[in-house]
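Thank you all for coming. Please take a look at the structure on the screen, and then I will walk you through some of its inside spaces and packing.

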Amino acid sequence: MTTAQHSEKTITLRSARRASLAGGVGTLIEYYDFSVYGFLTLTIGPLFFPSDNPTVSTLSALAVFASSYLIRPLGGWFFSRLGDRRGRRAALVATIVMMGVACGVMGLLPTYGQIGVAGTIAIVVVRLTQGFAAGGEIGGAATYIAELAPPGKRGFYGSTVSMGSTLGFAVAAGVVGLVRLLVPADQMATWGWRIPFLLSLVLTVVCLRARLRVEESPQFQELKEKAAIVRSPMLAALRSHPLSVARVAGLAIAFNGTGYFGVAYFAIFLQEEGFSATGVAWTSALCIALATLTYPWAGKLTDRYDRRPILLASYIIFAVIAWPVFALLIAATSLWAVGAVYLVFMFFTGWAQVPAWPLATELFPASVRYSGIAIGYNLGVIIGGITPLVAAALVAGTGSRTSPVYWILAVALIGVITVARLPRTASKPLPA
């Protein structure tokens, strides 16, 4: 190997690592911002949606959590158009700034008790803003990392996208747990709940610095040099690759519809089962964080054995363990037992999520990759993202605490149908 070749390889590996880190860290902070709300639902509900019935307040707060997913396709269109026309880097910088500012504003909002219904309207608007920003984040991070990853290692390098998004929930749970530990219980609903939201401003500055240091994607640079930029990339993706868009949507339904039980709903479920909010927050944070340590291994598995078999295995496993998981959580009397069940469930979210992102990038050419992933994912995540609301509504409507199992079975079946006829993609070059 000549010096020039060695230098080129070194720079490529350095760029891949830097892209993987910037994409993963940025996604972590984005999902921290997005998920703090979920871990504070039982506190925020009565403050912004007061009701004599606590269940109504909780369901109202969860409905706002779910509503932020409805705006995601619009955010996906805006930021993916920016990413496919102006560059991946510009879009990823814009998403992190918008999300961070919105999360900081959330921590400053006056409540219903202070300004009446205007407080309720304000929190809905801020959540919609967060959803708009999130619509362009994770698909852009997956695109950027895949385009800089070494051949045959897109699953391994791309695992940081899933690690970041999942760890964002763990960090949010940990921060909320720490705040609950340090802030007197009677002050938590007064001002303590604001701290996790305001902290996002500091985290955003850290991420912004990392993203401003990365280079533009080589594939995008090549598109610019060849004057091959598509004028309307989302329309082009829908017209030329409708099946790929549908597959990404199916993947999003499957891994969000299962994963959101672990990262969002279980915390609410366990508190309603009588466990302390602080204990649940710490258990959630620890189990989610430990599970994500296995995600790079899942990435290596999917690079070696391809995406399809790992994804199929995850959906089948979720269908098998769904009822036992809920039965064990209901029967558990200690957080140690809860943690063991929680950790097993979260372990398999890596199998369902990690292969999905490199697979999504492999379904589209560079000119419409960001847009194709964004529209497919954001359409699918509307269904997958309402999981906490659907689960809570099923329990409230049926009176059965195990009724959310039916939702897991439904989204797992969608996952199986989505990947059943997929071709091998891991060993092939990324489409140009």
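I would like to begin with the largest pocket, where the lining residues divide into eight nonpolar, three polar and two charged; in this count Ala, Val, Leu, Ile, Met, Phe, Trp, Tyr, Cys and Pro are nonpolar, Asp, Glu, Lys and Arg are charged, and the others, Gly among them, are polar. Before going further, please keep in mind that this is a predicted model, in which local features need pLDDT of at least 70 and side-chain atom pairs count only at pLDDT 80 or more, while totals for chains, interfaces and linings use all residues. Residues are numbered from 1 along each chain as its sequence is written, and side-chain values use heavy atoms, with hydrogens and water left out.

The lining of that pocket is made of 13 residues, and those nearest its centre are Ala149, Pro150, Pro151, Gly152 and Arg154. The space in the largest pocket comes to about 200 Å³, where a volume is the space filled by probe spheres set on grid points that are joined across faces, edges and corners. As for the terms, on a 1 Å grid over the protein atoms alone, a cavity is a set of points where a 1.4 Å probe fits but cannot get out, a pocket is an open set with protein on both sides within 12 Å along at least five of seven lines, and lining residues have an atom within 4 Å of a point.

Two or more lining residues come from each of helix H9 (154–182), H14 and H18, helices being DSSP runs of H or I with at least four residues, and strands runs of E with at least two, numbered from the N terminus. H14 supplies the largest share, five residues, and the lining as a whole divides into 10 nonpolar, six polar and no charged.

Leaving aside neighbours within four places in sequence, tyrosine 265 is in contact (heavy atoms within 4.5 Å) with Tyr260, Phe326, Pro388, Ala391, Ala392, Val395 and Pro404.

What is the relative accessible area of threonine 95? Threonine 95, in helix H5 (residues 88–106), has a value of 0% and is therefore buried, a word that means under 20% relative accessible area, with exposed over 50% and partly exposed in between (1.4 Å probe, protein chains only). Beyond neighbours within four places in sequence, threonine 95 is in contact with Glu30, Phe79, Ala133, Gly136, Glu137 and Arg211.

Finally, let us look at aspartate 306, in the loop between helix H16 (295–305) and helix H17 (307–331). The phi of aspartate 306 is near 85°, a positive value in a residue other than glycine, and aspartate 306 is buried, with a relative accessible area of 2%.
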